[in-house]
Amino acid sequence: MRKRLIVSAASALALLLAVPASAATPSPGAAGVGDPYYPTYGNGGYDVSHYDIRLKYQPATDLLEGTTTILATATQDLSRFNLDFVLDVQQVLVNGRAARFASTGEAELEITPDRPIAKGSPVTVVVRYSGVPGEVERDGYSAWLRTPDGGVAANEPVAAWWWFPSNDHPTDKATFDVSVLVPDGTQVISNGLSTGQSSRAGWTRYNWRQTKPQATYLATLAIGRFDVRTDTTPSGLPVITAYSKDLGENDGAARASVERTGELVDWLSGYFGEYPFTSVGGYVPNVPTGYALETQTQIFYSPAQFARGANTSVVVHELAHQWYGDSVSVQRWSDIWLNEGFARYSQWLWSEHENEGTAQEIADYVYSYYPANDAFWTVKPGDPGADHQFSSAVYDRGAVAVQALRNTVGDEKFFQILKGWPTERRYGNATVQQFQAYAERISGKKLGDLFTTWLFTPSKPAVPSAGAPAKAAAGPASAAAALPQEPRSWKKIQETNSLHDNGSGHGHGR
Ligand code: TRP
Ligand code: ZN
């Protein structure tokens with residue numbers, strides 16, 4: 001049990017006067033963590049260790065209600081602090097006492113406890129709330145996707161706002177318990193492992209637990225009529241997959257792709273090292289969207305991705321994120337290349353494995369495919385800007401950058417880096433600059449020019465990733481040089497890409 005500072009009003013004054021001059025006066029926690037792309041995302045002044053989310057959901061009305069209990073530690077003397085949230089709040093308790101609260105800004109819940117919180121002390125926050133998440137919009141958008149049989153929370157960079165109050169930034173990871181009561185016949189999917197369910201009077205409560213650190217945007221909730229399957233990989237890792245019962249003609253291709261999760265995660269472990277979490281899987285809800293999202297251990301897929309047949313490439317992409325994105329997360333959203341450049345590159349490795357084009361062939365194809373005057377080259381994958389965070393350049397040019405690194409340091413060092421980075425940085429956060437320093441340490445080479453050229457220059461690099469002179473440089477006669485032959489995997493990979501590339505994003509704009 002921790003020590004509590006309990007003082008009467010009179011002794012509080014005495015205590016205040018006795019405070020040494022160097023002690024900070026309690027002050028408000030900042031309304032953001034200072035992410036340059038999204039200044040109000042996350043909050044300052046505390047660090048969350050656990051979310052306990054306990055809800056009830058009615059598919060017929062989209063009414064979501066319940067409580068979230070947050071365990072945190074104050075990182076400064078706090079007079080008040082914020083959570084990020086958009087639903088209606090009925091009550092807030094801080095360390096068991098009612099606190100004043102107000103919803104402000106785009107998604108700020110401002111909480112004033114009845115007494116200041118001392119730096120280093122534990123804080124328990126209980127928020128009781130309700131709302132119809134599908135009807136709450138920010139920038140004309142809701143991250144809660146309604147389905148005929150329920151709803152799904154899956155979006156990037158923000159999804160939590162619509163279903164639990166949080167410190168919504170990847171730098172504050174926590175463990176999660178998610179428990180949701182739904183009418184019998186409806187299933188609930190969330191991250192990690194199921195810890196059981198119980199039924200009474202027509203309602204069933206489902207319980208999920210994530211025991212490894214998880215960023216808030218990687219928490220997912222899906223409610224609907226699902227066929228849930230459980231299995232284990234040869235190495236003993238639990239695999240949980242779920243398919244909406246209403247996938248219609250996409251059902252077969254969805255299962256033929258997502259049921260290969262166990263095999264593909266084993267294959268990726270060969271490149272990235274030991275899988276960082278205690279389960280793996282994915283779900284395909286009945287949503288009209290076209291994208292997938294690397295929600296931790298329980299990946300979100302859209303049925304549309306399987307409309308043209310099985311697509312193992314997208315499964316590889318989202319599984320690669322479990323290492324690059326989920327276990328090792330961005331320090332700032334501008335570091336998104338560390339997620340998408342490597343997830344895309346893993347699809348190239350899979351293409352190579354499937355004999356559908358080598359990584360080098362695809363890199364050369366990307367290089368030739370976009371002429372120098374194409375807007376594609378104006379996006380810097382190493383700092384694309386909030387409006388281009390998920391532009392195809394972050395993925396495709398980002399993966400060419402990875403291939404250029406491979407060519408510069410050689411295969412042996414390259415694969416050592418690919419595996420060593422997620423191992424060394426497991427469950428943490430990192431910047432592009434830190435990755436460069438790591439690659440320099442492992443390879444013993446200075447990589448400044450390489451990173452500047454491929455990640456931080458808003459124009460087409462003069463020389464392709466393999467280092468040979470560009471075809472166009474050979475003279476005017478070859479200006480119309482034919483595009484290299486299209487790699488066989490190109491369309492499938494591009495299809496995954498174009499579905500989630502529309503410039504400013506289908507997601508929360510800003
Ligand atoms: N990270 C996702 C992927 O690469 C793509 C993505 C970006 C996304 N923004 C999103 C998915 C918003 C869902 C919602 O697979
Ligand atoms: Zn991705």
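1. Helices α9 (residues 432-443) and α10 (residues 448-455) have axes that come within 10 Å and cross at roughly 140°. Axes here are lines fitted to C-alpha atoms, for helices over the stretch in contact, and angles run from 0 to 180 degrees between N-to-C directions. Helices (H or I, at least four residues) and strands (E, at least two) are DSSP runs, numbered from the N terminus. The two helices α9 and α10 are therefore oblique to each other; angles under 35 degrees count as roughly parallel, over 145 as roughly antiparallel, 65 to 115 as roughly perpendicular and the rest as oblique.

2. This is a predicted model, in which local features need pLDDT of at least 70 and side-chain atom pairs count only at pLDDT 80 or more, while totals for chains, interfaces and linings use all residues. Residues are numbered from 1 along each chain as its sequence is written, chains are lettered from A and ligands numbered from 1 in the order in which they are written, and side-chain values use heavy atoms, with hydrogens and water left out.

3. A further pair is formed by α8 (residues 411-424) and α9, which pack at an angle of about 130° with their axes 10 Å apart. The helices α8 and α9 are therefore oblique to each other.

4. A nitrogen atom of ligand 1 is 2.6 Å from an N or O atom in the Glu156 side chain. An oxygen atom of ligand 1 lies 2.5 Å from a polar side-chain atom of Glu318, and an oxygen atom of the ligand is 3.1 Å from a polar backbone atom of Ala292. Taken alone, ligand 1 exposes 370 Å², and the protein buries 100% of that (Shrake-Rupley method, 1.4 Å probe).

5. Two backbone features deserve attention. Most residues other than glycine have a negative phi, and most peptide bonds are trans. The peptide bond from Glu156 to Pro157 is cis, with omega near 10°, and Pro157 lies in the loop between β10 (150-153) and β11 (174-183). Asn355, which is not a glycine, has a positive phi of about 60°.

Definitions and conventions. Polar contact = N/O pair within 3.5 Å; in protein donor to acceptor, adjacent residues only side chain to side chain.
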